[in-house]
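Subject: Handing over a structure

Hello,

Here is the structure I promised to pass on.

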Amino acid sequence: MRKVGIVGAGITDCRGRWIEATYWDLFQQATRRACEDAKITTAEIDSVVYGIYNDIFEHQAIPESSLTGLIGMANKPGTRVTSGGATGFYAMRTAVMEVASGTSDCVLCVGGEKATDCFDPRSKTATPMVIDTIAKSWDPFFEYPLGATASDSYMQLCMAYNDEHPGDIGDPLVRAKIVEILCHSGNRNPYAQRRDETVTAEQVMTSRWIIAPFLRLLEVCMYTEGAGAVLFASEKKAREISERSGQPIVWVRGIGAANESYSPGRGGNYKRLHRIDSDRIASERAYAAAGVKPSDIRIVELHDAFVAQLMITMGELGFVPVGRTRTLIDEGLMVDPKSLRDDQPPPSGKLLVNPSGGLIFGGHFVGGSNMFSTWSCRREMTKRKVPLGMVHGTGAINAVFGGAMILELDERSAR
Amino acid sequence: MTTRRGQPALPLDFNLPRDWREIQGRDGRTYLQFTTHMVTFYEQTYGEHSRFFMALRGGRLIGSKCTTCAQVMVPAATWHCPNCNFAEMREVELPHRGILAHTAPVTVFPSASFIGDAPFARGYVDVATDAPIASYLPSRLRTTTGLERPGIFVKGIELKLVFEDERVGSIRDIFWVPMTEIPPPLRNKQPLLASELNFASPVPPEVKKDPAKAAAKDRAMAAMRKLASDVERSRRAQADLANRAFVLGIKTGGGDFALDVANSRLLIREGLPDKSDFILVADDPDVFRAWVNDGSLTDAAVEGSLWLPNKEAFQVLPALDRLPRSTRRDLREAK
C-alpha cells in the first residue's frame, strides 16, 4: 500500500439554507476552493469520489451524474459513496484506498447535502420533513412504521448506556459545559453555521426538551446545506504539490472502519445497545494501522450528532474511560479553545475536541460533514504544529456505522 | 401514521399547491423557488417477512430459530442463520411477554408522517429470553396510565404483548404494556386484545395535598391571572387562542384550579370545574408559574412533571406555551 497525503481542502459556508445555490454550485464551490488551496487545476486530478447521503434531499437519483462535468471531472472515473451519517468518512476511505492501491495519484473527495428545501405541508416548516427524509433510512417493515427518528434512535443508545453507567452522560451540567466549549470553537470557525452565537451552559439546561432526560434543543446537531472537498495524493504527487502550494502535507497514517448489525440484541453479532462498538473497533483498527495510541493524539474532530453521543464516542475512541466520559469536563481534558492562542498546541494531556464547532455549531451537511471535520483537523494541526490528529464518523440506525482516520503532520512541517 | 385500510396511503392534506415564487437571498439578490414533490407509491411485497406478519394477523408472535446455534431472531428477519454459514432457521412460537432491553425514549417531535401521534414511546423488547443469543423486537410501548412519559419504560420491566383488535399485517398490529398494568386474570391470555384494556379513561395519579405547596399554588395563580389579563391586551396571544375552546381541570399538591379558553381569552378559576375536557395533574404547582415565566407546559409534560391523560390533551399545550412570549412582545411594542 502506498503512502497517502492530504494536499488540499475546501469547504463552503455552512448555512441552514442556501437560496443562492443548488447542490451543483455547492459542490463546485468546495472543489474550486480545494484546488485553490492545493494550487492545482482539475486536470491534475485522476478521479473523484462523491459523498452524497440521500437522493431525496438532493431531489435526484444519481445526483452525482449532473456534477461530473460541472466540477471538472468529465471523462474521469467517479464513485459515489453513501453510508448514512458516515458517508463522508466512507467516501474518504474509498479515495484513500484508490491512491494507496496505485490506481490514482490524485483523487478528489467531495461531499455535501442540500437538505432543507424539504418542506412539510402540514406544519408549514421544513424540520418535520427533513426528519422524515432521514427516517426513510429505516426499513419499511419493522422500524419506520413505529415512528423511528434519528434523535430517538441515538437516544435509545444513550439511555441504554446510562442504564449501565448512571451518572456519566446523565449529568446535564457536564453536557452543557461541553456545549459551551463547542460554541467557543464554532465562534472561531469562519465557515461555521452558528459562528455568531453565544450559548451558555445555563441556556443549554433550560432549552426545550427534544427527548427527556438526555436531549435538549441546544444539545443537537444542525441541518446544514453545504459541501466540503479534500484532495488525496500519492507520496510523490503530494510532495510535488506541497512544494508548489507551500502547504504542508497531512498524511493519512491509519484508517479503520466497522459496521455493526442493524438489529440490536443479546449475544452473538447483534448490536449491543449500551455501546458504540463500531466506534471502538474502527478506532482500534486505525490505531493499529498507524502504530499510535490515543494518548499520542491531541486534536479530534468527531461526529457529534448529539452531545451525550459525543461523550460515549470519546470513550469508545479510547480518550476517556467508558463509564467515566465526564472526565472530559471534570478533569479538564477537553480544552477550551479560548484558553489557547490560534497557533498554540493543547497542553500535554489535554485534547482539542471539535475545534470546528463540530456538527452542533459548525455544520452537518451529511454527505460531506466528515470532509468538513478533515478540513478542520488539518487546519488546526498545521496552525498549531500538532503531529497527530483524528477524524471520526458515525451513522445509520443506532450509530451502527463507524470510522476513524488518524492524520499526521509532515515532519518537515511539524518542526 | 394512522392510515387504515381504505384510507389514502398518502393523506390528502399532505400536499402543496403548485407555486413559483421569488425569494430573497442573503446577498440581497432575487432567486426563484418552486413547490414540487418526490413521492413514490409502492405495492410493497413482504417476501420472506410475510410469515411473521401473517402470524401477527393471526394473533401469534413468531421468530426464526437456528437449527445449529439455537439463536432466535425476532422479528424473523431471515430464515438462514448469518452466524452459522446460513444454516436453516425454523419457525418458533414466542411468548406474549418480554423484558424491556433498555430504558426507552419518548418521541415528542416526530417526523412529518407521524405528526399527531406524539408523544409516543418505542423501544427494544427481549422476547426470546430462553435463547442463548437473540435479537430484540422493535416495539411500540403504551401505558394505560395516561400519556407515555419518562419513568415508565425503564430497563428490565416485564411487558405484556397486546394485539390491536383489527389487524392488517403491520408491526403496528402489536404493542407492549407494562405487566403491572395488566389485570391479573388477563396476564396469561393469548392473544390479549387492545379492547380488553382501558386506554380511554386513565385514572389520574393521586396528589397528596401539601400545605407547604399552597403558597406555590397561590404564586402560580397570581402569575397566571396576570398572564390572562395580558392576553386581553395582546393581539398575538388572542390569535394563538383563536377558534379554540377547552376547559382544563388542574390538580396540584397545593390545590386545584381551572383553566378556561374561549373567545380568544384565557380565564383562571379556583377549584376543579364541574365539566372539563381534560384533567391535568402536577404535584408541584410551580410548573404553572414556570410556564408563565417563559417556561413551557410541553416541556413539563415531556419530562413527566405534568401528567396528561392522552395525546389530545397534549395537543392543546403548544397554543398555551405561545402565550407568555406573545403577550410580552405585544406589551413591549405598546410601550
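Below are my notes on what was found in it.

A word on conventions: this is a predicted model, in which local features need pLDDT of at least 70 and side-chain atom pairs count only at pLDDT 80 or more, while totals for chains, interfaces and linings use all residues. Residues are numbered from 1 along each chain as its sequence is written, and chains are lettered from A and ligands numbered from 1 in the order in which they are written.

Let's start with chain A. It has 15 helices and 13 strands (DSSP runs numbered from the N terminus, with helices being H or I of at least four residues and strands E of at least two). The radius of gyration of chain A, 20 Å, is close to the 22 Å from the globule rule for 415 residues, so chain A is as compact as a globular protein of that length. Here the radius is taken over C-alpha atoms, and the rule is 2.2 Å times the number of residues to the power 0.38. The C-alpha trace of chain A spans about 55 × 50 × 45 Å along its principal axes. Of the 415 residues in chain A, 62% are buried; that term asks for 20 or more other C-beta atoms within 10 Å of a residue's own, with exposed meaning 12 or fewer and partly exposed in between, and C-beta atoms placed from the backbone.

One helix pair in chain A is worth a look. Helix 7 (residues 172–187) and helix 11 (residues 307–316) of chain A pack at an angle of about 90°, their axes 9 Å apart. Axes are lines fitted to C-alpha atoms, for helices over the stretch in contact, and angles run from 0 to 180 degrees between N-to-C directions. That makes the two helices of chain A roughly perpendicular, a label for angles of 65 to 115 degrees. A:Arg175, A:Ile178 and A:Val179 of helix 7 make the contact with A:Val307, A:Ala308 and A:Leu310 of helix 11 (contact means C-beta atoms, placed from the backbone, within 7 Å).

Now to where the chains meet. Chain B gives 54 residues to the contact and chain A gives 44. Among the elements of chain B that give two or more residues to this side are strand 9 (120–126) and helix 5 (297–303). Strand 9 of chain B has the largest share, with 5 residues.

Chain B is assigned domain 1 (47–196) and domain 2 (211–329), with bounds from an automatic or database domain assignment. The centres of these two domains of chain B, taken over C-alpha atoms, are 37 Å apart. In chain B, 7 residues of domain 1 are in contact with 10 residues of domain 2.

Finally, some backbone details. Most residues other than glycine have a negative phi, and most peptide bonds are trans. The peptide bond from A:Ala212 to A:Pro213 is cis, with omega near 0°, and A:Pro213 sits in the loop between strand 5 (209–211) and strand 6 (215–216) of chain A. Another cis peptide bond joins B:Ala118 and B:Pro119, with omega about -5°. A:His59, not a glycine, has a positive phi of about 60°; A:His59 is partly exposed, with 16 other C-beta atoms within 10 Å. B:Asn85 has a positive phi of about 55° and is exposed, with 8 other C-beta atoms within 10 Å.

Enjoy exploring!

How values were computed: Parallel < 35°, antiparallel > 145°, perpendicular 65-115°, else oblique. Contact = placed C-beta atoms within 7 Å.
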